[in-house]
Amino acid sequence: MSRYGLFICHCGKNIAGTVDVEDLTKRFEGEKDLTVVENYAYLCSDPGQNMIAEAIKNNRLDGVVIASCSPTLHEPTFRNVAQECGLNKYMLEIANIREQCAWVHEDREAATDKAEAIIRGTLARVRNAAALEPIKSPVVKRALVIGAGVAGIQAALDIANSGIEVILVEKNPSIGGHMAQLSETFPTLDCSQCILTPKMVEVSRHPNVKLYTYSEIEEISGSMGDFSVKIRQKPRYVEPDVCTSCGDCAEVCPVVVPNEFDMGLQSRKAIYIPFPQAVPAVYTLDTEHCLGLFPLACAKCRDACEIGAINYDMKPKIVEEHVGAVVVATGYDLYDMSNLGEYGYDRVADVIDGLYFERLLSASGPTGGVIRRPSDGKVPKEIVFIQCAGSREPERHKGYCSKICCMYTAKHAMMFQHAVPEGQSYVFYIDVRTGGRDYEEFYRRAMEDGVIYVRGKVSRVYEEGDKIVVRGADTVAGGPVEVRADMVVLATPMEPSHGVEELVGKLKIGCTADGWVREVHPKLRPVEAVTPGYFIAGAAQGPKDIPETVAQASGAAAKVVNLLSNDYITKEPIVAVVNEDLCVGCRLCIQMCPYNAREWVEERGVASVNAVLCEGCGVCAAGCPSGATRQDGFTDAQIISAVEAMLGGSGEMVRKILGMSGDGEKPKEEELDAEEPVTVLK
Amino acid sequence: MKVGYYPGCTLKGKALALDETTQLAVELLGEELREIPDWTCCGATTPLTETKIANLIAQTRLLIKTRDAGYEALVTTCPFCFSTLRRANLSIREDELKRKRINTYLAEDLRQRDYETPPPPYRQYTGDIGVLHLLEWFRDTVGFDRIKRTCINPLKGMKVVPFYGCQLLRPAEELAMCDPENPTILEEFLEATGADVLDFPPRIDCCGSYLSVAKPEAAMRASYKILDAAKRIGADAIVVTCPLCFFNLDDLQPEMMKHYPEFRPIPVLYFTQLLALAMNAPVDKLGLESHKIDPRPLVEKYSVNISREVPA
């Protein structure tokens with residue numbers, strides 16, 4: 001007869017505070033195949049783990065149930081203990097009596113009953129479990145980084161410096177992202193470009209980095225350790241290896257359009273380089289504004305280019321690359337100001353957002369660093385900054401705090417006070433949040449330098465003559481307040497980079513409701529995306545400032561290096577398995593599989609499983625009409641016996657309700673209505 | 001779309017000019033807008049009450065009458081009627097529980113009444129009748145372009161400012177007519193009449209609303225700020241959509257002149273009065289004589305006595 005062990009954890013008071021652990025232990029003592037029944041204060045502690053190890057060795061246990069917290073937390077811990085003691089680790093299962101029981105109930109007796117039911121179900125799973133072996137597959141020792149802002153650049157450099165080849169893909173003509181647009185950075189006020197551009201150059205020259213700019217991910221397939229990526233290179237119509245960025249083409253180009261890099265405060269031509277320090281230093285022809293790639297319409301740039309770098313016949317190119325890991329560093333964009341009707345962006349020219357203001361502050365910006373208002377170029381004497389413009393307002397805009405706005409607004413207002421000492425800046429705020437070393441001090445300095453903080457929301461912004469009237473509430477002084485300003489800067493929130501939903505759909509990684517890329521665990525696994533093999537760097541995950549972005553990018557890079565340092569990866573053997581004798585070759589599973597893991601084997605006339613691609617979702621096992629596909633770790637026998645044990649009812653009934661009978665017979669109405677003894681918790 | 005006209009109580013009394021000029025303007029447009037037969041109260045401020053059903057009864061009865069008269073939608077000019085009807089209708093359409101409750105109640109109500117000739121059996125109301133404000137009907141069904149073509153007497157040179165009031169645009173997610181923070185519909189309408197529309201930031205301020213009953217001096221102060229701003233930017237008239245805005249902005253002006261010595265009066269016009277004028281309606285048909293601040297000296301300047309032929 002098989003021998004099983006049951007270990008129940010108190011988890012301090014987390015479990016024992018609600019569940020009567022001693023009583024629970026007694027309920028299982030004496031069961032004939034339960035050789036060991038124990039409880040302990042903290043099973044995950046060293047002595048707790050030793051206790052389990054000793055019990056497994058001394059009693060030669062065939063299976064173990066740990067009744068404790070969620071398996072996402074300590075399943076690996078306990079399974080390693082089992083493995084070390086010679087017990088196949090898939091013969092150990094966790095019964096979650098903390099998150100799914102103790103934490104959500106108050107009634108001690110009912111919670112103890114429920115814990116018993118959960119344990120009985122898990123015991124049934126273990127009694128029907130089979131020893132499994134991890135699946136091994138080779139690792140492609142190259143990494144893909146999507147997005148080349150500061151996050152992507154940092155991640156790519158760290159990975160490349162470990163000797164691993166990196167494919168860095170950027171959708172824009174130049175790398176650098178939003179950080180390249182910024183003037184000074186808080187709290188030290190060092191120049192953004194001065195610290196970024198060396199990194200841009202370094203990454204572009206690194207022997208281990210293969211850079212694809214003006215390129216997007218077309219398609220990605222495969223799984224952790226072996227992804228196959230198709231990259232679409234958009235045509236620049238300028239040969240990057242030939243172009244010397246002399247600028248002769250732009251000089252003759254007759255089309256003038258607003259320059260996106262300068263937020264439209266300056267113009268560029270249809271053939272352009274986004275900014276002087278762009279990497280690669282290559283011109284790009286923007287077909288949306290070009291008079292047409294039709295030499296009869298206009299071929300001025302081609303004629304002006306003496307070295308013949310311009311090629312109107314360039315076509316989009318698809319390149320295929322193989323990588324073992326992917327870093328998502330897609331960054332952010334700002335929430336559109338035109339969503340905020342009350343702040344007058346559509347009607348008042350001198351209402352701008354933070355990125356506009358950065359360009360006005362920037363020494364290399366359109367005004368050479370002199371703060372001038374867009375409408376008439378005058379230096380404003382009074383500026384109003386409105387914080388939380390569209391954030392922390394779940395009913396109408398974004399519900400979240402955009403985190404960086406308090407700091408960059410303090411910086412903007414302080415820089416204005418420095419540049420225009422006789423001027424006055426006002427900041428309307430709800431709260432000032434300055435978490436971070438030296439951040440609070442920075443905010444204090446802004447106030448000392450003359451910035452006036454007004455606590456309250458702004459209700460209306462409108463023009464009156466030459467002035468902009470900002471009406472709001474001062475909730476400290478109590479009452480309405482009006483400021484007559486020359487310029488208004490809105491601290492609009494960060495939102496996920498525009499167009500990222502499409503990419504996220506291709507990668508099949510999870511997102512939050514707001515569209516940020518989700519991590520496996522917010523505290524313990526913050527740089528891993530939910531799908532294995534994907535890692536997150538920077539603001540793709542949520543609002544972040546530069547220090548945090550860079551730290552996370554290095555974290556993601558370390559994880560990638562960690563993964564790619566293995567020759568093989570092992571994968572959980574929770575996959576579909578086919579009994580080829582039963583497979584009738586209907587190929588339904590091939591159509592159903594979302595991961596392309598089911599493959600047709602022509603010579604045997606059966607559908608097999610590619611265990612490396614299989615994610616163990618169970619769709620094919622549930623859908624297989626001939627019962628040929630089994631889901632290891634979740635076999636029918638395991639599921640039915642577990643449900644049966646939990647309900648204490650008849651297995652036949654469960655089988656019929658779940659539609660697993662295989663005999664195709666529907667349960668009769670009266671059977672479904674029959675009352676089964678079900679324990680209902682209050 | 002077959003549309004019925006719902007004037008509501010105020011337009012048959014205090015705001016008669018709004019009703020008459022609406023009918024006149026629609027006629028000059030070559031459209032037909034017939035009153036819903038046997039119409040009843042819109043429910044007025046009942047949506048503000050915290051009841052399960054009473055705040056929907058009047059609205060639903062009226063909407064059922066609209067449906068039974070063969071109309072697909074109802075159009076009204078009073079922002080209060082518009083707000084209460086549109087919101088009640090929306091909640092019947094989207095809230096299954098409310099829909100069930102109101103239908104159960106009205107069916108039972110019909111059954112228990114002692115009619116000489118029994119009425120036809122009760123038909124469930126599902127919220128499928130459209131509720132439109134006249135401005136919306138102008139914009140979405142008639143089209144401002146067509147209005148522009150029909151205005152044979154464009155009011156070029158008349159400097160007007162729009163005033164929205166509080167009921168027309170909010171709550172935005174329910175009324176869904178225009179961005180309440182940055183509305184444009186009234187401006188677009190006024191431009192179609194040929195008038196010069198001035199940028200008027202207080203256009204979405206509060207006129208004082210019902211405070212004119214409880215605390216008249218507060219309403220007067222609110223209205224004064226609006227009128228004073230209009231005067232200061234050089235407007236000839238202020239154009240409103242709401243009878244209550246009209247009352248506060250027009251009727252309170254004589255009192256304002258006593259309170260604020262520097263205050264100079266400014267005529268207030270309903271949007272339909274302006275439209276009828278732009279379509280060359282005779283001045284004596286615009287109901288201007290009842291205004292406290294007589295707009296006739298202004299209006300007569302822009303009235304042209306030409307023979308009228310309504311374009312097809």
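Before the details, a word on conventions: residues are numbered from 1 along each chain as its sequence is written, and chains are lettered from A, with ligands numbered from 1, in the order in which they are written. Since the model is predicted, local features need pLDDT of at least 70 and side-chain atom pairs count only at pLDDT 80 or more, while totals for chains, interfaces and linings use all residues.

One stretch needs caution, namely residues 661-680 of chain A, where pLDDT stays under 50 and the model has 15 contacts beyond four places in sequence; a contact here means that the C-beta atoms of two residues, placed from the backbone, lie within 7 Å. Where pLDDT is low, the predicted coordinates should not be read in detail.

Chain A has 19 helices and 36 strands, taken as DSSP runs numbered from the N terminus, with helices being H or I of at least four residues and strands being E of at least two. Its C-alpha atoms fill a box of roughly 90 × 70 × 50 Å along the principal axes. Of its 682 residues, 42% count as buried, where buried means 20 or more other C-beta atoms within 10 Å of the residue's own, exposed means 12 or fewer, and partly exposed is in between, with C-beta atoms placed from the backbone.

Now to some backbone details in chain A. Most residues other than glycine have a negative phi, and most peptide bonds are trans. Against that background, the bond from Val279(A) to Pro280(A) is cis, with omega near 0°, and Pro280(A) sits in the loop between strand 15 (271-272) and strand 16 (284-285). Pro280(A) counts as buried because it has 20 C-beta neighbours inside 10 Å, and, leaving aside neighbours within four places in sequence, it is in contact with Ser204(A), Thr213(A) and Pro240(A). A cis peptide bond also joins Phe186(A) and Pro187(A), with omega about -5°.

As for phi, Met263(A) has a positive value of about 55° although it is not a glycine, and this residue is buried, with 22 other C-beta atoms within 10 Å. Arg392(A) likewise has a positive phi, near 55°, but it is partly exposed, with 17 other C-beta atoms within 10 Å.

Turning to chain B, we find 14 helices and eight strands, and 45% of its 312 residues are buried. The radius of gyration, taken over C-alpha atoms, is judged by a globule rule of 2.2 Å times the number of residues to the power 0.38; a compact globule of 312 residues would come near 20 Å, and chain B, with 20 Å, agrees.

Within chain B, helix 1 (residues 16-28) and helix 13 (residues 271-278) pack at an angle of about 35°, with their axes 8 Å apart, where axes are lines fitted to C-alpha atoms over the stretch in contact and angles run from 0 to 180 degrees between N-to-C directions. Among the residues making this contact are Leu18(B) and Leu24(B) of helix 1 and Leu275(B) of helix 13.

Finally, the contact between the chains takes five residues from chain A and four residues from chain B.

Notes: pLDDT = per-residue confidence, 0-100.
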